[in-house]
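User: I'm new to this one. Could you show me how to read how its parts pack together?

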Amino acid sequence: MLCQKSEHVPLSVLLKRELVNEKADRPEIVSGEANQSKKGEDYSLINTDCHRVVADSVTTYSVFGIFDGHNGSAAAIYTKENLLNNVLCAIPADLNRDEWVAALPRALVAGFVKTDKDFQEKAQRSGTTVTLVIIEGSIVTVASVGDSRCILESADGAIYYLSADHRLDSNEEERERVTASGGEVGRLNTGGGTEIGPLRCWPGGLCLSRSIGDRDVGEFIVPVPYVKQVKLSSAGGRLVIASDGVWDALSAEEALECSRGLAPEAAAAHIVKEAVQLKGLRDDTTCIVIDILPPEKTNQPLQPPKKTGKRVFKAMFRKRSTEEPPKLHDEEEGYFDPDLVEELVEEGSAMLSERLDTKYPLCNVFRLFICAVCQVEMKPGEGISIHHGSSNTRGNSRPWDGPFLCVSCHQKKDAMEGKMPSSSNICFFSYILSSLLFIDHKIGRSDG
Ligand SMILES: [Zn+2]
């Protein structure tokens, strides 16, 4: 399943050697899942034993996902089976653990777009939400499109939203983006001038602004994920990922409260039961609960939060800063809050030129002859700069700077930004256009 190169040392030897070292300082992951099905379009992914092999070391990480399909289950199944590998293939080889974690947000964007593009080429018409969670040590990375949310409760009882809500009804920024890219946003019209139901975008009538699949909906329904990466304190925390069947019935606080003190498996079952009791089984209802436990507490359920008063919702995080040492949380008492959740990355832009930019901590990730989305090898001069045709020339990014996309991924990027007719109409047109881009690109690069 992983795109790893062949290794000199047998994997089993590496695993044994590394896992012993790793155990001492890494949190333990315990998870449980529950589902009640109405349409059979919710799919989930749980793998707590993924291995990353690099040079002479091995680390384990965990992956969780919920895929809530619509108009059939093909997109949800395809995404469950292919997304993780597409993400991993977008991470350069030979990175150490810190570099690997830092490379994840960009690789997630590439992997989501490639999965969407590959699925659409199969000409199937379904779509899916995705909430993908990767846990490496105490670092949690969440990438999401659609409305299957992921929440985190830290050890001090604060609740954090780790996913975006890409429902048109609740996201004004996304409504503006869809409209600017050529879509129309409105409610269903019953004919007599009465409008009903949630806001939808037309053509297609989808009430989400981002998803994977949905070939028959406009290209402005993009697969570019919102990505949040946080570092938990050594005290750990609890994650709840669930499809909208749960969140339409329960708030984040209610879901955590009703399952408090239960082990993950029982907690997930209780959250689903509670949601279905409240609203009836109107939709597929899936929930994964993950406890991230300090190593010494492996055999106990997660301790209830220390604070008991009014709960705090934290929309804002304390950003990591190299200039600023961590401040004492409550300086008068000389007490440093050990439960601080540190935000490492938050990115939500739908523009690939912003998400796959060269501004990046790794020099080797900028590979000239590999498409930044689909990872296909390109001949010299064949790649098109992600900044090509962009009016946004902030900083030093120029049309001849990388990263580069293959012709087909560049067409996808333009279509997502409303610059091209939908993919079904562009066969002849794209041939002419890509030839022009190719010539233009060559001139640009020889100038640079
Ligand atoms: Zn490509």
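Analyst: Let's begin with contact: two residues touch if their C-beta atoms, placed from the backbone, lie within 7 Å. Helices (H or I, at least four residues) and strands (E, at least two) are DSSP runs, numbered from the N terminus. This is a predicted model: local features need pLDDT of at least 70, side-chain atom pairs count only at pLDDT 80 or more, while totals for chains, interfaces and linings use all residues. Residues are numbered from 1 along each chain as its sequence is written.

User: Which residues in α2 meet α3?

Analyst: From α2, Ala75, Tyr78, Thr79, Asn82, Leu83, Asn86 and Val87 meet Ala107, Leu108, Gly111, Lys114, Thr115, Asp118 and Phe119 in α3.

User: At what angle do α2 and α3 pack?

Analyst: Axes are lines fitted to C-alpha atoms, for helices over the stretch in contact, and angles run from 0 to 180 degrees between N-to-C directions. Here, α2 (residues 74-89) and α3 (residues 97-121) pack at about 140°, their axes 9 Å apart.

User: And the sheet: in what order do the strands come?

Analyst: In general, strands of a sheet pair through backbone hydrogen bonds, either parallel or antiparallel. Two strands count as paired if DSSP finds at least two bridges between them. In this case 5 strands make an open sheet, ordered β1-β14-β13-β7-β8, with antiparallel pairing. At the edges sit β1 (28-36) and β8 (159-161), each pairing on one side only.

User: How many bridges join β7 to β13?

Analyst: There are 6, between residues 149-154 of β7 and residues 237-242 of β13. Leu152, for instance, has Leu239 in β13 as its bridge partner. Helix α7 (residues 264-279) packs on the sheet too, touching β1, β13 and β14 (285-293).
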